[in-house]
Amino acid sequence: MANLYFDESLADTEPGGLITVSGDEGRHAVRVSRLRLGEQTIVGNGRGLRAFGAVTELGRDSFTVAVERVEEVPAPARRLVLVQALAKGDRDERAVEQATEFGVDAIVPWQAERSVSRWVGEKAEKGVAKWSRIAREASKQSMRGWIPEVLQPVATADLAALDGHVIALHPRGEERLSAWRPPDERDVYLVVGPEGGLTDIELSTLTAQGPGERQIALLGNNVLRTSSAGPAAIAVLNAALGRW
């Protein structure tokens, strides 16, 4: 199976054209992935454009592809957005990686009340950059046309004002997520708490009346870790909404 490489500067191409990928991506393809002349591969821009073709030239830190076929992957009409609470260790990073593989469309870092990790100032910038790199690499591995955007960190009050359907995943939920269906095409925000869970104030704020539906949903009979709850919820909605 062909590998996927990203060149975010790629704006347009057509069959018969040539694409040269250099820099870190080209270096990784040539030195780590051991790309070979004549090998079929894919070059995308992470915004829906993917070009398929064979490698015609290899440099020390670059490769060139002769385009045979071009595909445009449309952006989803309704985005599934993971609102991931900051967590200790690498648990939130594992959530970002798996959620990307499962098809999440955007990721929002959330500074929850019980989050052990705190993103302040420069640390917030570095955190967003790291999550973005993780999402990019996971998109390559899963051959995605779109790289999910990692947005700026938010507080609980910001979530309450979102123009979309906000679903807080919690064992207190009365309705199973698998039974829920969005009433319109607004984005769906799946909110996952940190290791200590959501506070009563957070649950009250997240379910207060807003532009879209606000509710607490039960994911299943078992309590999942913060690293796995989001990806599991995305998988459930992918099946329920016909995305899978």
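How many salt bridges does the rule find across the interface of domain 1 and domain 2? The rule finds three. The model here is a predicted one.

Domain 1 brings 12 residues to the contact, and domain 2 brings eight residues.

How much area do the two domains bury between them? The size of an interface is often given as the accessible area lost when the parts come together. For domain 1 and domain 2 the value is about 920 Å². Carbon and sulfur atoms hold 54% of that area. On the side of domain 1, Leu4, Phe6 and Gly46 lose the most area to domain 2. Together these three account for 46% of what that side buries.

Polar groups also meet here. Seven residue pairs are in polar contact across the interface of domain 1 and domain 2, both residues of each pair being at pLDDT 80 or more. Two elements, strand 1 (4-6) and helix 1 (23-32), each supply at least two residues of the side of domain 1 that touches domain 2. Strand 1 gives the most to that side, with three residues. There is also a salt bridge between Arg136 and Glu25. Their closest N and O atoms are 3.2 Å apart.

Now to the cores. In soluble globular proteins, nonpolar side chains tend to be buried together. The largest nonpolar core in this model has 26 residues. Ile167, Leu169, Leu177 and Leu190 have the most contacts inside this core. Which elements give two or more residues to this core? They are strand 6 (80-85), helix 2 (91-102), helix 3 (122-141), strand 9 (165-169), strand 11 (188-192) and helix 6 (226-240). Helix 3 provides the largest share, five residues.

Take Leu169 as a guide. Beyond its neighbours within four places in sequence, Leu169 is in contact with Leu177, Leu190, Val191 and Val192, among others. Its partners also include Leu198, Ala217, Ala229 and Ala233. A second, separate core has 18 residues, including Val81, Trp110, Val154 and Val166.

Is Gln84 buried or exposed? Gln84 counts as buried because its relative accessibility is 0%. The side chain of Gln84 makes a polar contact of 2.8 Å with the side chain of Thr226. Leaving out residues up to four places away in sequence, Gln84 also touches Asp92, Ala95, Trp131 and Val192, among others. Val108, Pro109, Trp110 and Gly193 are on the list of residues that Gln84 touches, too.

Setting aside residues up to four places away in sequence, Arg118 touches Gln111, Ala112, Glu113 and Lys123. What lies 3.0 Å from a polar atom of the Arg118 side chain? It is the backbone oxygen of Glu113. Arg118 and Lys88 are 30 residues apart in sequence, and their C-alpha atoms are 9.4 Å apart in space.

Definitions and conventions:
Residues are numbered from 1 along each chain as its sequence is written. This is a predicted model: local features need pLDDT of at least 70, side-chain atom pairs count only at pLDDT 80 or more; totals for chains, interfaces and linings use all residues. Side-chain values use heavy atoms; hydrogens and water are left out. A nonpolar core is a set of buried Ala, Val, Leu, Ile, Met, Phe, Trp, Tyr and Cys residues joined through side-chain atoms within 4.5 Å. Buried means under 20% relative accessible area, exposed over 50%, partly exposed in between (1.4 Å probe, protein chains only). Helices (H or I, at least four residues) and strands (E, at least two) are DSSP runs, numbered from the N terminus. Contact means heavy atoms within 4.5 Å. Buried area is the accessible area (1.4 Å probe) that two parts lose on being put together, summed over both. A salt bridge is a side-chain nitrogen of Lys or Arg within 4 Å of a carboxyl oxygen of Asp or Glu. A polar contact is a pair of N or O atoms within 3.5 Å; within protein, one must be able to donate a hydrogen and the other to accept it, and residues adjacent in sequence count only if both atoms are side-chain atoms.
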